[in-house]
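Morning, everyone. Let's look at one hairpin and the pocket beside the strands.

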Amino acid sequence: MTMFWFRSISPRMAIEIDTIGKAALHDLLVLVECKLCGKQARFHSKDLAGVYGHTRDPRSLPFKCEKCDTYECKIMMEFPDFDRVREKVIWRPVKIKGP
């Protein structure tokens with residue numbers, strides 16, 4: 001099982017991200033990409049931690065592509081970089097319970 005690793009400014013330090021809580025601590029974005037069509041969606045890790053819990057592994061979250069209707073998604077982490085991009089869409093997670 002591979003973990004998410006981020007290199008800091010110092011070449012000797014690396015951050016191991018294996019829970020949504022750790023990603024939220026570093027204010028990371030969760031990037032989800034459909035393996036079939038390539039559609040992407042971004043979420044704040046703090047929002048996902050509030051819905052799914054801080055101890056959950058980001059790779060175990062149930063993301064579904066609304067275009068392909070599949071759960072085959074690649075999950076990545078990224079630092080928010082709003083200086084270079086004029087506009088980014090960041091989705092808010094919502095948990096809906098059935099009747």
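Start with the turn. Strand 3 and strand 4 form a hairpin, with five residues between them. In that turn, G38 has a positive phi of about 85°. Strands here are DSSP runs of E, at least two residues, and helices are runs of H or I, at least four, numbered from the N terminus.

Some ground rules. This is a predicted model, where local features need pLDDT of at least 70 and side-chain atom pairs count only at pLDDT 80 or more, while totals for chains, interfaces and linings use all residues. Residues are numbered from 1 along each chain as its sequence is written, and side-chain values use heavy atoms, with hydrogens and water left out.

Now the pairing, which takes at least two DSSP bridges between two strands. Strand 3, residues 29-34, runs antiparallel to strand 4, residues 40-44, with five bridges. V32 has A41 as its bridge partner. Strand 4 also pairs with strand 6, residues 90-91: parallel, two bridges. There, R42 partners I90.

Next, the largest pocket. A pocket is an open set of points on a 1 Å grid over the protein atoms alone, where a 1.4 Å probe fits, with protein on both sides within 12 Å along at least five of seven lines; lining residues have an atom within 4 Å of a point.

Which residues lie nearest its centre? A41, F43, F63, K64 and W91, out of 19 lining residues. Strand 4 gives the most to that lining, three residues. Strand 3 and helix 2 (45-52) each supply at least two.

That's the picture. Over to you.
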